[in-house]
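Have a go at each task before reading its solution.

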Amino acid sequence: MEKIIVAFAGVQNGRRIRELLERSGAAACLLCTSADQVRRMVHEQQVAAVVCGYKFADGPAELLYEDLPAFCRMLIVASQSLLDLVQNPEILRLSAPASKSELLDAVEQLMAEARAQPLRRGQQEQEQIAAAKVKLMAQGLSEEEAHRALQKKSMSAGIKLAQAAQMVLERL
């Protein structure tokens with residue numbers, strides 16, 4: 001059985017969804033109540049999917065998604081008015097309240113995409129990094145120096161390497 005993270009700021013909502021998913025045999029669930037807990041758990045447990053609410057005390061789910069590794073997918077369960085605010089097309093959405101069958105179908109789709117997703121998103125990030133290195137090399141840096149420059153930008157800004165690469169591509 002695959003593991004997923006169920007993450008809601010309200011513990012009650014998270015428990016309800018976790019119980020429903022585990023009773024139906026859809027997935028083994030790890031319960032989180034903050035975006036920071038999700039970040040840690042995804043990396044520690046290599047969890048490929050997150051079912052969550054729109055917002056946590058420490059930030060919105062859409063920003064959390066940007067911090068997750070390429071292999072991890074997300075399903076946001078929230079009111080339609082909040083789902084309309086989500087701009088990232090990679091994030092799945094389910095309007096609440098949802099029936100048990102709607103939730104199970106959405107989680108099934110989430111898991112299918114999680115199994116198929118790593119190459120697409122990871123490949124895009126690698127292509128972005130390679131393109132940024134080419135741009136930096138055109139300015140006289142070696143490939144190793146270009147890579148170190150991207151790493152330094154990533155670490156100093158506290159962002160992913162791919163995000164640093166995107167900044168370099170936009171700047172140049």
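**Exercise 1.** Find which residues of H2 are buried, and work out why they line one face of the helix.

*Solution.* Start with the model: it is predicted, so local features need pLDDT of at least 70, side-chain atom pairs count only at pLDDT 80 or more, and totals for chains, interfaces and linings use all residues. Residues are numbered from 1 along each chain as its sequence is written, and side-chain values use heavy atoms, leaving out hydrogens and water.

Helices (H or I, at least four residues) and strands (E, at least two) are DSSP runs, numbered from the N terminus. In general, an α-helix has 3.6 residues a turn, so residues three or four places apart point the same way.

**Exercise 2.** What do the buried residues of H2 pack against?

*Solution.* Check for contacts (heavy atoms within 4.5 Å). You'll find strands E1 (3-7), E2 (28-32), E3 and E4 (55-56), plus helix H3 (61-67).

**Exercise 3.** Where is Gln 46, and what is its phi?

*Solution.* Go to the loop between H2 (35-45) and E3 (49-52); Gln 46 sits there. Its phi is positive, about 55°, although Gln 46 is not a glycine. Most residues other than glycine have a negative phi.

**Exercise 4.** Is the peptide bond from Ala 96 to Pro 97 cis or trans?

*Solution.* Find Pro 97 in the loop between E7 (92-95) and H5. Then read omega: it is near 0°, and the bond is cis.

Key. Buried < 20%, exposed > 50% of the residue type's maximum accessible area, 1.4 Å probe, protein only. Arc of directions from axis to C-beta.
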